[in-house]
Each structure stands twice: as C-alpha cells, then as structure tokens.
Amino acid sequence: MNFLPLWRYQNQLIDGAIVTLELTVISAVCGLLIGIAGAVALNGRITPLRWLVRGYIELFRNTPSLIQIFIVFFVLPNFGLKLPAFEAAAVALSLYFGAYSVEIIRSGLDSIPRSQVEAGACLGLSGWQVFRHIILPPALRNAYPAVTSQFVLLLLGTSLASQVAADELFHVAGFIESRTYRSFEVYAVICAVYFAMAMSFKALFAIIGVAAFRWPRRR
C-alpha cells in the first residue's frame, strides 16, 4: 500500500467533498420543504391532492434513486428541460428525500393531540397561527430523529451523482484512480472521508437535538 501518490490530489478531494456537502444540504432543504408541504396536503381535505401526493410518494420510494437521476439528466432534455449534472442530481435527490420526508413529517403532525389544536382555536388563533405555533414545532421535534437519519443516508447517496459526471467526491475518486491506478488506496481514503462526514453530522445533530429540544444526553 502506498498513499503518497494521492497527496498531490488533495485539492481535488477537498473540492469533491465540498460539492458533496453542497449537494446534500441543497437536496435536504428542498426535500424537507417538499415534505412539509406534502404532509400538510395529506392531512388536508382536498382528495385529488392527497391522491397526487400519495402517488408521488409511492413512485419515488419504490424506484431506484439512480434511475430518477438518469431521468432528470437524460430524459428531461427531450422535453426541453436540460440541466447541468449538479442541478439534475440536486433535483432528483430533493424529490427522493422529499418522498421520505412527507411520511416522516406526516407522522410528526399526527402525533400532536387534537386537544391542543382545539385549544389554539378557542384562543382565537387562525388556522395558520395554530399550524405555525402549535402543530409544527412539536411535530418537527418528534420527526427530528428520523429526518436526521434520512439526511445521513442522503449524504451517502450523493455518490450516485457521479454517474452523471457531477463533480462530487465519488466522481473525484474515479478520476484519481484512473490517474494513479491505486484503487485500494483511493477508495479507502474516500470511504474514510464519507465516514468522517457522516459521523460529524450525527454528532452535530445530537448537539442540536440537546440544545434545541432539551433532550437528555445518552450515557
């Protein structure tokens, strides 16, 4: 084993890690917004909209995310919508993350006792105020562990974007391997970087959970 030839590619590795983080954060934020909107729609009274959201969930949760990236990148240009590799991956991963977020957020919304909603209405709060101040904060608190776990899975899943030549970490690994022919060393380093990022986010989310939601620390 010889890791020294990889040292000259440290800048490419750093750039790839940054792109991976950008892709993860953008997809997670957009997916979470989709999840909140979809969860509200599922709990709403508009039946066709509920069917539409349910179809979206089943479609994106029961098909490979790689195929979804391929459809956005290779198929949509046939309909006049051509996106660069990074943007195409971000759109596909956002929709994929959103499909899971809908059910996670919905379960959080369903965990709020009906009596709290009725109490807010009795205080003269509007429907939006009840949702914003009474329903949404505890719902997000209850959904937080599942959302953060899904975020880590999304981080690892960004490696699929390499298949459309997005300049994320795994794509950089393929480039370095093709130049150095050090397959084991290259992918050992990439594995270590993914592991470090995943564990760092887990630690960060645990700290945020303790600080924001006053959860007890695990012993």
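Arg106 and Glu103 both belong to helix H4 and stand 3 residues apart, about one turn of the helix. In this predicted model, their side chains meet in a salt bridge with an N to O distance of 2.8 Å. Arg106 is partly exposed, at a relative accessible area of 24%, whereas Glu103 is buried, at 14%.

Asp110 forms a salt bridge with Arg106, and the closest N and O atoms are 2.8 Å apart. Asp110 is partly exposed, with a relative accessible area of 45%. Through shared partners, the salt bridges join Arg54, Glu103, Arg106 and Asp110 into one network.

The side chains of Arg54 and Glu103 meet in a salt bridge at 2.4 Å, N to O. Because Arg54 lies in helix H2 and Glu103 in helix H4, this pair ties together parts that are 49 residues apart in sequence. Arg54 counts as partly exposed, at 31% relative accessibility. The count of salt bridges in the model comes to 4.

Helix H2 spans residues 47-61 and also holds Leu52. With a relative accessible area of 59%, Leu52 is exposed. Leu52 and Ala41 are separated by 11 residues in sequence and by 9.4 Å in space, C-alpha to C-alpha.

Helix H4 itself covers residues 85-110 and includes Ser101. Ser101 is buried, because its relative accessible area of 1% falls under 20%. A polar atom of the Ser101 side chain lies 2.9 Å from the backbone oxygen of Phe97. Once neighbours within four places in sequence are set aside, Ser101 is in contact with Gly31, Leu32 and Gly35.

These contact partners lead to the annotated segments. An unreviewed UniProt entry lists residues 20-42, 63-80 and 186-213 under "transmembrane region". In the model, residues 20-42 are 100% helix and 0% strand, and the end C-alpha atoms of this span lie 32 Å apart. Residues 63-80 are 61% helix and 0% strand, with end C-alpha atoms 24 Å apart.

Glu185 is found in helix H8, which comprises residues 183-213. Glu185 counts as buried, at 6% relative accessibility. A polar atom of the Glu185 side chain lies 2.9 Å from the backbone nitrogen of Asn2. Apart from neighbours within four places in sequence, Glu185 is in contact with Met1, Asn2, Phe3 and Leu6.

Turning to the cysteines, a search of the whole structure finds 0 disulfides. Cys30 is partly exposed, with a relative accessible area of 34%, while Cys122 counts as exposed, at 70% relative accessibility.

The confidence of the prediction remains to be considered. The protein averages a pLDDT of 90, and 97% of the residues score at least 70. Where pLDDT is low, the predicted coordinates should not be read in detail.

Note on methods. Residues numbered from 1 in each chain as written. Predicted model: local features only at pLDDT ≥ 70, side-chain atom pairs only at ≥ 80, totals over all residues. Heavy atoms only, no water. Helix = DSSP H or I, 4+ residues; strand = E, 2+ residues; numbered from the N terminus. Buried < 20%, exposed > 50% of the residue type's maximum accessible area, 1.4 Å probe, protein only. Polar contact = N/O pair within 3.5 Å; in protein donor to acceptor, adjacent residues only side chain to side chain. Contact = heavy atoms within 4.5 Å. pLDDT = per-residue confidence, 0-100. UniProt positions renumbered as here; feature names shortened; annotations may be inferred. Disulfide = S-S within 2.5 Å.
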